[in-house]
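Work through the exercises below with the sequence and the model open side by side. Each task is followed by a solution in steps.

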Amino acid sequence: MAMTIVEAGRTVVGGVDTHLDVHVAAALDSIGGVLGVESFDAAPRGYKAMLEWMGAFGEVAKVGVEGTGSYGAGLARFLRRADIEVVEVDRPNRQVRRTQGKSDPADAVEAARAVLSGRADGTPKSRDGGVEAIRALLVAKRSAREGRLRAINQMRHLSYTAPDQLRSRLKGLSTTQLVVEAAAMRPRPGGDPVVYATKVSLSSIGRRVLALEEETAGIDELLDELVTATAPSMLEIFGVGIDTAAALLVAAGDNPERLRSEAAWAHLCGVAPIQASSGKVIRHRLDRGGDRHANNALWRIVMVRLRSDPRSRAYMERRTKEGRSKREVIRILKRYVAREVFKQLPRA
């Protein structure tokens, strides 16, 4: 590591391009001059060495970190514990990369300059509390749910193509009945090899589905406890259940105070209206950005209200009579729900 000359009173802004094994850091002075670029291990001792290296140039004011939700999560937590302000930095502009090329040192310098210029000013999720625990459980639950759906589809296909004697036995069964029937099969070798192999396959997949259902039930119990403890008031909102509350909490993070306004929250959830006007036509369109899990959670809440809430149904009827499409009205209702949810997000 090169020797550094410390200037008294100098303010340093850092930038980090994060990777799985190695992080590349850059240190800039207050006018954007590059003080140094260095690589460090993506591990606690590497984080400590990086901070000490930056501190050798002067007082570290801020550090811009790429990938605070992935490879940079551990570094961001370490810096916050060291009372260093962490700024979330998006990946470099693609046009710049096309004209100037791409390298890790250049990305680290660009991250620091984005912080210094104010182009990057977002506060990352802290990922150190109950919401991070909820996020981890949701990953497992979604995986189990997707695996269960794939397994059931495979069982259905096997039942359609099975030998006639087995096909007639499984025909007309509901999903639950098919799973139970398949899991209970005890294939015996020695007969028709196709029947035997099909029974083995159905039995294996059926037991897998039951295991995934049991796994999901256990995760649901943990989610129920965590969501209730983290945001009990959110569950009081009409149409909000454990799954939708969990998705919305994960979008907000353990530090929802990082969201400067209710409009910022709506933008994060992908329900902020986007202008799509032209000429004499004044309209807005759906936002296809933002957190898609949070957006889907808001959509599910709206669907529950349109089925069960007289006020929501009356609103839909009134706005469609005014010439709004159903999609536009749902977008508006999602925006209203986002406003309600924002008021109930847990605050530090």
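**Exercise 1. The second largest pocket**

Task: Which residues line the second largest pocket, and which element gives the largest share of the lining?

Solution. 
- Step 1. The lining consists of Arg305, Asp309, Arg311, Ser312, Tyr315, Leu333, Tyr336, Val337 and Glu340. The model is predicted: local features need pLDDT of at least 70 and side-chain atom pairs count only at pLDDT 80 or more, while totals for chains, interfaces and linings use all residues. Residues are numbered from 1 along each chain as its sequence is written, and side-chain values use heavy atoms, with hydrogens and water left out.
- Step 2. A pocket is an open set of points on a 1 Å grid over the protein atoms alone, with protein on both sides within 12 Å along at least five of seven lines; a cavity is a set where a 1.4 Å probe fits but cannot get out, and lining residues have an atom within 4 Å of a point.
- Step 3. Helices α12 (310–321) and α13 (326–344) each supply at least two residues of this lining. The largest share, four residues, is from α13. Helices (H or I, at least four residues) and strands (E, at least two) are DSSP runs, numbered from the N terminus.
- Step 4. By class the lining has four nonpolar, one polar and four charged residues. Ala, Val, Leu, Ile, Met, Phe, Trp, Tyr, Cys and Pro count as nonpolar, Asp, Glu, Lys and Arg as charged, and the others, Gly among them, as polar.
- Step 5. The volume is about 180 Å³, taken as the space filled by probe spheres set on the grid points, which are joined across faces, edges and corners.

**Exercise 2. The largest pocket**

Task: State the volume of the largest pocket and find the residues closest to its centre.

Solution. 
- Step 1. The volume of the largest pocket is about 750 Å³.
- Step 2. It has 29 lining residues, and Glu88, Asp90, Asp121, Gly122 and Thr123 are the closest to the centre.
- Step 3. Two or more lining residues come from each of β5, α4 and α10 (262–268). Helix α4 gives the most, with four residues.
- Step 4. Sorted by class, this lining holds 10 nonpolar, six polar and 13 charged residues.

**Exercise 3. The sheet**

Task: Give the strand order of the five-stranded open sheet and say which strands stand at its edges.

Solution. 
- Step 1. The order is β3-β2-β1-β4-β5, with mixed pairing. Two strands pair if DSSP finds at least two bridges between them.
- Step 2. β3 (34–41) and β5 (85–89) are the edge strands; each has a single partner strand, so one side of each lacks a neighbour in the sheet.
- Step 3. β1 and β4 are parallel, with six bridges, and Gly14 stands opposite Val63 in β4.
- Step 4. β1 and β2 are antiparallel, with five bridges; Val13 stands opposite Leu28 in β2, and a hairpin of four residues joins the two strands.
- Step 5. β2 (residues 22–28) and β3 are antiparallel, with seven bridges. Val24 has Ser39 of β3 as its bridge partner.
- Step 6. Helix α4 (residues 104–117) packs on the sheet and touches β1 (11–17), β2, β3, β4 (59–66) and β5, where contact means heavy atoms within 4.5 Å.

**Exercise 4. Met54**

Task: Is Met54 buried or exposed, and what does it touch?

Solution. 
- Step 1. Met54 is found in helix α1 (residues 44–55).
- Step 2. Its relative accessible area is 1%, so Met54 is buried. Buried means under 20% relative accessible area, exposed over 50%, and partly exposed in between (1.4 Å probe, protein chains only).
- Step 3. Leaving out residues up to four places away in sequence, Met54 touches Val12, Gly14, Gly15, Val16, Ala25, Ala26, Val60 and Val63.

Task: Is Asp83 buried or exposed, and is Arg127 buried or exposed?

Solution. 
- Step 1. Most residues other than glycine have a negative phi.
- Step 2. Asp83 has a positive phi, near 60°, and lies in the loop between α2 (73–81) and β5. Its relative accessibility is 71%, so Asp83 counts as exposed.
- Step 3. Arg127 has a positive phi of about 50° and lies in the loop between α4 and α5 (130–161). At 15% relative accessibility, Arg127 counts as buried.
- Step 4. Arg127 also lines the largest cavity, together with Lys125, Val131, Glu132, Arg135, Val250, Gly253 and Asp254.

Terms used
Axes are lines fitted to C-alpha atoms, for helices over the stretch in contact, and angles run from 0 to 180 degrees between N-to-C directions.
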